[in-house]
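This report describes parts of one structure, shown below.

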Amino acid sequence: MSLLELNRIGHAFFGRTVLEGITLGVARQEIVALVGPSGSGKSTLAHIAAGLVEPREGRIARHYLRHAMVFQEPRLMPWATAAGNIGFPLRLSRAPRRMRRRVIADAALRAGLLPEDLGKYPSELSGGMRQRAAIARALVTDPDFIYFDEPFTALDVALKRRMQDLVIEAAASARFAALFITHDLLEAIRISHRILVLDAGGRGIAGERLPPGSPGTRDEAAIFALRQHYLTADPLFAHIHDIDERLRP
Amino acid sequence: MSLLSACLDRLARLGRFLWSAWAGLAGLALIGALWQAGHEAYGDFILTAPLDTLAAAARLMHEGRAQELLALTTARALAGFGLCALIGTLFGVAAGYSPATLRLSRPILTLLLGVPPIAWIVLAMIWFGPSDLTVAVTILISATPVVFVGAVEGVVTRDRGLDDMAQVFGAGPLRRFLFVSARQISAQLFPALILALGSAFKVAIMAELLANAGGIGGALARARAMLDIAEALAWVSLAVAALIAVEYILIRPVRAELERWREAAAPWGVKR
């Protein structure tokens, strides 16, 4: 049974249709990467699936217990320390105070934050550390589904790689399913079990590809070769780098 | 353990704050020097020497009635300030969340700000006579718009991304407001509150003077009638001292507690 099922989702901003007839499912412990050109409505779709945006049409069935989200920006509260930010979902779920400290430290460690960073405010952390705190915040309630909305776009290449490894490890140990929005094909191949390509105009899913192997076991050369193959020989990815920034809402 | 470290942190911040008072003292000393220069140029009748003024203020405090008058004026100013803070914040937040209300309230605000406070004093005197109510109503009408605008700005300029974040993690509208928006609103609200407190004191004294309602304003009116410049200046100094005391006892500590992260964000050596 799928944890998340979207059925014929459609949405429009100010009368302009951005998504139409999107149907997709994410199975238990499966990481699905959703790629598409800029402005094709990928982020909107993630926000609809997570319940932040009400779709104009279509049905959403969520069979998971608890979800979390990592946004494109860290979205940390500037007035709270790293520990306060990571523990925010626990505070919302009214977890007992005594338990929180240990759970926060544990989630922070999994995201690569050291105990001495927990007392710092976001303004004292570097960009990479902030995104780590955002990942720790997503992991802290032990969700069985996580939405990633282009989380590493603003990071440099080396940092991006390290964050991707972090997500792959966390997914393997915490066994969550994920919908990973990205426009970086290399990232999609590295991180996911299945790649869905969104139609350039947002009219349905254009197709899907299953990269061989599972995340974390593929070697770099194969990933790179696969990316080249997708970009040069696969018609499904022909429009992936088309950009019309004027169309962005 | 964490309690101890929290106490130590607060002590350290208090120490830094007290140490920063030297800069304030330097500024005051500069004003004192200018004042003294003015005194030496124009003589005792126009501008009493700062030390004589301080002596007059000390004498007023010792005689006993000054404390009563100060307490009366401070209580009136605080009552008016409390009312305007409450009403301004409530309506400002409501208007911030409801664009229709905001559009409706804009012209009302322009109208209220356009009427000079002195007109309100005259009206309030006619309506309520020379009483506490006159002073409170005048403060309410003249200081509320500032608080209202501060609250509206706080709501409108808040980071909506944080609202979305809180919603994803399961916060309903009420907890989104309490945990995420209220902190952002307070950052805009506090400067407005400090401004409103200052104008509450000024308007209170002005209303007292014009309405003959006692307090510091009444004492100032008497000093003017007797052309006693030393006493008038002494009353002014006492009023300013009362305002500063209230601001630093009431508002600054709350603000410092809420804005600890701003201090952490400032680079080393630029801590103010």
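## The second largest pocket

This is a predicted model. Its second largest pocket has a volume of about 1,400 Å³. The lining of this pocket is made up of 35 residues, and those nearest the centre are A:T81, A:A83, A:G84, A:Y121 and B:R260.

The largest share, seven residues, comes from α1(B). Sorted by class, the lining holds 15 nonpolar, 14 charged and six polar residues.

## A sheet in chain A

In chain A, three strands form an open, antiparallel sheet in the order β2-β1-β4. The edges are β2 (16-27) and β4 (57-62) of chain A, each with a single partner strand, so one side of each has no neighbour in the sheet. From one strand to the next, the twist averages 15°.

Strand β1 (residues 2-13) of chain A runs antiparallel to β2(A), and eight bridges join them. A:I9 has A:I22 of β2(A) as its bridge partner. Helix α1 (residues 42-49) of chain A packs on the sheet and touches β1, β2 and β4 of chain A. The direction of this helix makes about 125° with that of β1(A).

## Annotated spans in chain B

An unreviewed UniProt entry lists residues 17-37, 77-97, 109-129, 135-156, 177-197 and 233-251 of chain B as "transmembrane region". In the model, residues 135-156 of chain B are 100% helix, with end C-alpha atoms 32 Å apart. Residues 177-197 of chain B are also 100% helix, and their end C-alpha atoms lie 26 Å apart.

Methods
Residues are numbered from 1 along each chain as its sequence is written. Chains are lettered from A and ligands numbered from 1 in the order in which they are written. This is a predicted model: local features need pLDDT of at least 70, side-chain atom pairs count only at pLDDT 80 or more; totals for chains, interfaces and linings use all residues. Side-chain values use heavy atoms; hydrogens and water are left out. On a 1 Å grid over the protein atoms alone, a cavity is a set of points where a 1.4 Å probe fits but cannot get out, and a pocket is an open set with protein on both sides within 12 Å along at least five of seven lines; lining residues have an atom within 4 Å of a point. Grid points are joined across faces, edges and corners, and a volume is the space filled by probe spheres set on the points. Helices (H or I, at least four residues) and strands (E, at least two) are DSSP runs, numbered from the N terminus. Ala, Val, Leu, Ile, Met, Phe, Trp, Tyr, Cys and Pro count as nonpolar, Asp, Glu, Lys and Arg as charged, and the others, Gly among them, as polar. UniProt positions are given in the numbering used here, feature names are shortened, and annotations may be inferred rather than shown by experiment. Two strands pair if DSSP finds at least two bridges between them. Axes are lines fitted to C-alpha atoms, for helices over the stretch in contact, and angles run from 0 to 180 degrees between N-to-C directions. Contact means heavy atoms within 4.5 Å.
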